[in-house]
Amino acid sequence: GKMVAFLWLVLSHLLSFCICVQSKDLSPPMWPNGFSVASREHWYMYMNDTRVPLAVNDAYWYYDYTNRRMRFDHGVGQVDNFCMMNEKKPIACSLLFDPSGVMYVNY
C-alpha cells in the first residue's frame, strides 16, 4: 500500500525516460538505500496541443529508503502544483515526505 505509493511517487519524479528491454533473463535494477540528484526543472503547459514554457528552476531530490523518507527541493521560479497551493508566487519550496507517507510543504 503505502510503500508502493511511496516508490511510485519517487519514480514519477525521478524518471524522465524509459528504456524498454525485452529479455526474460534480466533482473530489475537495485537502487541504493539513499541518494540525491541535482537537476534543472523545466515547467510547461499545453494549450491547443502546443507546449508552452512556463518556468525553469534548480531542483534537488533526496531519497532515504532506510528511514522511509524523501525530500524534493524546488528552487525559485518553480511552478509545482503543491508548492503553488498556498503561495501563488514561484518562491523556493520543499516537499517533505515522512515515513508514514504524509507530505509536508515547506516554503
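# Notebook: a predicted chain, residue by residue

**Entry 1: glutamate 41**

I began with glutamate 41, which counts as buried at 8% relative accessibility. The cut-off I needed is that buried means under 20% relative accessible area. I note here that the model is predicted. Glutamate 41 sits in strand 1. Which residues does glutamate 41 contact, leaving aside its neighbours within four places in sequence? I found Ala55, Val56, Asn57, Ala59, Trp61 and His74. I also checked a pair of C-alpha atoms. Glutamate 41 and glycine 75 are 8.9 Å apart in space. In sequence these two stand 34 residues apart.

**Entry 2: the whole chain**

Next I stepped back to the overall layout. I counted 1 helix and 5 strands. Along the sequence the pattern reads α-β-β-β-β-β. The chain has 107 residues, and 23% of them are buried. The accessible surface comes to about 8000 Å². Carbon and sulfur atoms hold 59% of that surface.

**Entry 3: the disulfide**

I searched for disulfides and the count came to 1. A disulfide is a covalent bond between the sulfur atoms of two cysteines. Which cysteines form the disulfide here? They are cysteine 83 and cysteine 93, with sulfur atoms 2.1 Å apart. The link is left-handed, with -80 degrees about the S-S bond. The pair joins distant parts of the chain, 10 residues apart. Cysteine 83 is in the loop between strand 3 and strand 4, while cysteine 93 is in strand 4. Are the two cysteines buried or exposed? Cysteine 83 has a relative accessible area of 1%, so it is buried. Cysteine 93 has 2%, so it is buried as well.

**Entry 4: salt bridges**

I moved on to charged side chains. Side chains of opposite charge can pair when their charged atoms come close. The structure holds 4 salt bridges. I wrote up some of them.

- Arginine 40 and aspartate 58 meet at 2.7 Å, N to O. This pair links distant parts of the chain, with arginine 40 in strand 1 and aspartate 58 in strand 2, 18 residues apart. Aspartate 58 is partly exposed, at 37% relative accessibility.
- Arginine 69 pairs with aspartate 64, and their closest N and O atoms are 2.8 Å apart. Arginine 69 is partly exposed at 44%. Aspartate 64 is buried at 17%.
- Aspartate 73 and arginine 71 form a salt bridge at 2.8 Å, N to O. Aspartate 73 is buried, with a relative accessible area of 13%. Arginine 71 is partly exposed at 32%.

Aspartate 80 is buried, yet it has no salt bridge. How far away is the nearest side chain of opposite charge? That side chain belongs to lysine 88, and it is 11 Å away. A salt bridge needs a side-chain nitrogen of Lys or Arg within 4 Å of a carboxyl oxygen of Asp or Glu. I listed the contacts of aspartate 80, leaving aside neighbours within four places in sequence. They are Trp43, His74 and Leu95. His74 is also on the contact list of glutamate 41.

**Entry 5: positive phi angles**

I then looked at backbone angles. Asparagine 48 has a positive phi of about 55 degrees, although it is not a glycine. Where is asparagine 48? It is in the loop between strand 1 (34-47) and strand 2 (50-64). Asparagine 48 is exposed, with a relative accessible area of 76%. Arginine 68 also has a positive phi, near 55 degrees, and is not a glycine either. Arginine 68 lies in the loop between strand 2 and strand 3. With a relative accessible area of 29%, arginine 68 is partly exposed.

**Entry 6: a surface patch**

Which residues make the nonpolar surface patch of about 340 Å²? They are Phe82, Met85, Val105 and Tyr107. I placed one of them, methionine 85, in the loop between strand 3 (69-74) and strand 4 (93-97).

Methods:
Residues numbered from 1 in each chain as written. Predicted model: local features only at pLDDT ≥ 70, side-chain atom pairs only at ≥ 80, totals over all residues. Heavy atoms only, no water. Patch = residues over 30% accessible without salt bridge, like charges linked within 9 Å, V, L, I, M, F, W, Y side chains within 5 Å. Areas by Shrake-Rupley, 256 points an atom, 1.4 Å probe, with all protein chains shown as cover. Helix = DSSP H or I, 4+ residues; strand = E, 2+ residues; numbered from the N terminus. Buried < 20%, exposed > 50% of the residue type's maximum accessible area, 1.4 Å probe, protein only. Lys, Arg positive; Asp, Glu negative; His and termini not counted. Contact = heavy atoms within 4.5 Å. Disulfide = S-S within 2.5 Å.
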